[in-house]
Amino acid sequence: MRTTLIFSIALAVWACRTTDTFRGTEMPERPIADFKLPDQNGRLFKLSDHRGKVVLFFFGYTFCPDVCPLTLSTWKRVHDALGADTAKVKFVYVTVDPQRDTPEKLKTHLAVFSSDILGLTGSPAALKEVYADFGVYIEKVNIAASAAGYLMNHTTRMFVVDQTGVLRLLIGHDAPVEDVAHDIRLLLKEKK
């Protein structure tokens, strides 16, 4: 009897250890307000049109010297790693520099990484509402000595919205491809 009890406890502990969990940071579940912004192809992106899919967001800009191209490169590899599951995922890049990131500029820039990445821009007022809903930090930094004139400081995390439009995860821009793909697959397994 005692052996059975010890075995049962050990089995329960082992079962708890093997439960698959997210590798990104889980957020208190919060619905993202529906919004519309134009994409790089002249079409209107509406978040609610993508219910049933996991949507990854990143807020960056095409003149970004480091974090943004690194994240887009990671997204390309996550896209490839997901295989057939990619059909259930959207990758959405929202500019933090609408002054320079025209739809044409976004289209040329994103095509280097993947034609499946949507690039959104819009009026400063419309973008400001989206930044606020996600809690994105943005700061323009003038650099007189640079040919670019200025850089944008911004939040560098990926925001993962589940199939029901709820923000669920934050993932660091430097997260391993395997971790990002893992978390997306966990969300895709959930019954919503």
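**Figure 1. Overview of the chain.** Of the 192 residues of the chain, 44% count as buried, where buried means under 20% relative accessible area, exposed means over 50%, and partly exposed lies in between, as judged with a 1.4 Å probe on protein chains only. This is a predicted model, in which local features need pLDDT of at least 70 and side-chain atom pairs count only at pLDDT 80 or more, while totals for chains, interfaces and linings use all residues. Residues are numbered from 1 along each chain as its sequence is written, and side-chain values use heavy atoms, with hydrogens and water left out. The chain has five helices and 10 strands; helices (H or I, at least four residues) and strands (E, at least two) are DSSP runs, numbered from the N terminus. Taken along the principal axes, the box filled by the C-alpha atoms of the chain is roughly 75 × 35 × 30 Å.

**Figure 2. Helix α2 and its buried face.** Helix α2, which covers residues 67-82, has 16 residues and reaches 22 Å from its first C-alpha to its last, close to the 22 Å expected at 1.5 Å a residue; the expected span of a helix is 1.5 Å times one less than its number of residues. The buried residues in α2 are Val67, Cys68, Thr71, Leu72, Thr74, Trp75, Val78, His79 and Leu82. Seen down the axis of α2, these buried residues fall within an arc of 160°, so they line one face of the helix, the arc being that of the directions from the helix axis to the C-beta atoms. Just after α2, Gly83 takes a positive phi of about 55°.

**Figure 3. The crossing of helices α2 and α5.** The axes of α2 and helix α5, the latter made of residues 177-189, come within 9 Å and cross at roughly 55°. Axes here are lines fitted to C-alpha atoms, for helices over the stretch in contact, and angles run from 0 to 180 degrees between N-to-C directions. The two helices α2 and α5 are therefore oblique to each other, given that angles under 35 degrees count as roughly parallel, over 145 as roughly antiparallel, 65 to 115 as roughly perpendicular and the rest as oblique. The crossing in which α2 passes α5 is right-handed; a crossing is left-handed if the near helix is turned anticlockwise from the far one by less than a right angle, and right-handed if clockwise.

**Figure 4. Two cysteines, Cys64 and Cys68****.** Cys64 is buried, with a relative accessible area of 9%, and Cys68 is buried as well, with a relative accessible area of 0%. A disulfide is a covalent bond between the sulfur atoms of two cysteines. A search of the whole structure finds zero disulfides, a disulfide being taken as a pair of cysteine sulfur atoms within 2.5 Å.

Figure 5. In helix α3, residues 103-111, the buried residues are Leu106, His109 and Leu110. They cover an arc of only 90° around the axis, which puts them on the same side of α3. Glu104, Thr108 and Ala111 are exposed on the other side of α3. In helix α4, residues 124-134, the buried residues are Leu127, Val130, Tyr131 and Phe134. Seen down the axis of α4, its buried residues fall within an arc of 100°, so they line one face of the helix. The face of α4 turned away from its buried side carries the exposed residues Ala125, Lys128, Glu129 and Ala132.

Figure 6. Asp20 lies in the loop between α1 (2-17) and β1 and is partly exposed, with a relative accessible area of 45%. Although Asp20 and Leu186 are 166 residues apart in sequence, they are 8.2 Å apart in space, C-alpha to C-alpha. Pro31 is found in strand β1, residues 25-31, and is exposed, with a relative accessible area of 58%. The C-alpha atoms of Pro31 and Leu72, which are 41 residues apart along the chain, are separated by 25 Å. Leu44 has its place in strand β3, residues 44-46, and is exposed, with a relative accessible area of 54%. Between Leu44 and Leu120, 76 residues apart in sequence, the distance in space is 8.9 Å, C-alpha to C-alpha.
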